[in-house]
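Trainee: Could we go through the charged pairs of this model together, and could you set each value against its definition as we go?

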Amino acid sequence: MAVSKGRASTCLAYGYRLSQQRDASGDRIRGLRDVDPAKAEIVSRIFKMYADGISPRDIAHLLNKEGIIGPRGSAWRDTAIRGAKTVGTGILNNQSYIGRIVWNKREYRKNPDTERRTARMNDADQWVSKDVPTMRIVSDNLWARARARDAEIGELYQSAKTNRLNATQRPEYLLSRMLECAECGGPYAISGKDRYSCTNRKKRLPIEALDGACCSNSKTITRHELEERVLNCIPVAFYSMEIFDRISQRMITHEVNLLKQSPSQRDELTAALKATTQRQNSIIQQISDRAAEGRPRLAALDDQLDELEATREKLAAELNALAEPVEDFQEKVAKLKAQFNPANMEIIIRKLIFLARHNADEQAKQRLMPIVRDLIQTVVIGKTPGHQPASLQVHSSIANIMASMEAIDVLEQQFLAAADLPLRISSRMD
Ligand SMILES: [Zn+2]
């Protein structure tokens with residue numbers, strides 16, 4: 001069977017291309033797949049976004065907005081990403097991405113009455129698989145995180161059915177699954193109205209580390225306060241990483257390149273002047289040719305010549321009136337440098353954070369979400385005396401971020417993609 005030799009028996013999944021390997025007789029070996037690096041990158045991103053709590057619908061929307069072409073050359077749709085768990089379809093359920101080919105998922109039978117072949121799903125325990133490590137795109141760890149997310153959505157869906165609340169529609173929060181109780185190490189989760197509390201304490205679970213006692217951390221915190229306090233430390237962290245300077249430099253380079261590409265007014269005038277002179281010369285040639293042939297002089301040609309001369313004089317005057325081109329360009333660059341200086345970049349990022357914090361702009365929040373979740377590992381919530389607000393300890397991974405610089409690149413791309421962002425945000429803030 002083809003699969004036992006590490007070959008796929010189904011159609012080409014997204015992220016792969018047909019292998020060009022040939023057998024001894026020089027024929028292409030059918031069913032062999034190679035990883036397509038560019039598409040594999042998209043597969044990884046989809047898994048990562050999903051594991052971070054972004055819904056398949058939002059993922060599809062994001063990819064389409066970035067102009068990334070979906071499977072089979074069409075736009076991305078949430079169904080292609082989500083698929084169906086029981087049937088193992090959809091990008092998020094495709095085991096090829098962890099280097100495993102699965103077959104025997106369906107059984108084909110011929111209906112004796114209609115002679116038609118029908119497919120029936122086999123139970124998952126009847127599926128047979130084979131490891132093909134060369135096909136791996138997603139790490140076991142990331143795959144496990146995606147499965148954990150499935151379970152979470154499943155739970156929400158179950159409780160939604162009983163609560164008659166559509167909980168799967170609830171937005172994923174900025175710090176979901178990153179919160180830890182300082183006393184028992186258990187998770188902090190939302191209980192009641194938008195308020196986080198220690199799950200172990202709420203369930204009255206005996207904690208081994210506390211000699212079988214229950215967690216005594218009764219501090220709760222509203223989601224709004226928690227997110228605000230955590231987001232407040234982000235600009236400081238960015239500042240220490242010189243992110244504002246880097247973004248500022250990139251923005252200026254980008255804008256200056258645009259400036260260089262767009263033809264200057266001087267270039268346009270010079271070109272128009274040249275075209276006018278050429279047309280004049282061509283008419284003068286026609287007039288002198290006619291004279292040489294002894295034909296009568298045409299008034300229409302003289303009129304055209306007069307009109308062209310008026311145009312030429314006007315263009316020449318405009319060109320003379322223009323400022324020196326070098327000065328003009330450098331003036332524009334200076335303006336750009338002032339507009340995109342590090343301090344202004346910082347203001348823009350702070351505004352983004354402000355908007356995200358107040359939930360005023362879902363887009364701002366979505367932009368920040370991967371960065372915040374990359375930057376912060378855990379937030380430990382601890383006891384404080386009396387009615388004082390809970391203590392927060394933010395564990396961040398600035399060292400990791402500085403090594404990978406991935407978050408900064410994401411941020412930079414977003415700034416470059418939305419050149420009108422500063423304008424849009426300042427108009428919202430005013
Ligand atoms: Zn606890």
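**Salt bridges and accessibility**

Trainee: What makes E183 partly exposed?

Mentor: At 27% relative accessibility, E183 counts as partly exposed, because buried means under 20% relative accessible area, exposed over 50%, and partly exposed in between (1.4 Å probe, protein chains only). This is a predicted model, in which local features need pLDDT of at least 70 and side-chain atom pairs count only at pLDDT 80 or more, while totals for chains, interfaces and linings use all residues. Residues are numbered from 1 along each chain as its sequence is written, and side-chain values use heavy atoms, with hydrogens and water left out.

Trainee: Why is the contact of K383 and E183 called a salt bridge?

Mentor: A salt bridge is a side-chain nitrogen of Lys or Arg within 4 Å of a carboxyl oxygen of Asp or Glu, and the side chains of K383 and E183 meet at 3.0 Å, N to O, so the pair qualifies. K383 lies in the loop between β11 (376-382) and β12 (391-396) and E183 in the loop between β7 (179-181) and β8 (188-190), so this bridge ties together parts that are 200 residues apart in sequence.

Trainee: How do you know whether E227 is buried or exposed?

Mentor: E227 has a relative accessible area of 4%, which is under the 20% limit, so E227 is buried. R223, its salt-bridge partner with the closest N and O atoms 3.2 Å apart, is likewise buried at 8%.

Trainee: What makes E293 exposed?

Mentor: The relative accessible area of E293 is 52%, which is over 50%, so E293 counts as exposed.

Methods. Helices (H or I, at least four residues) and strands (E, at least two) are DSSP runs, numbered from the N terminus.
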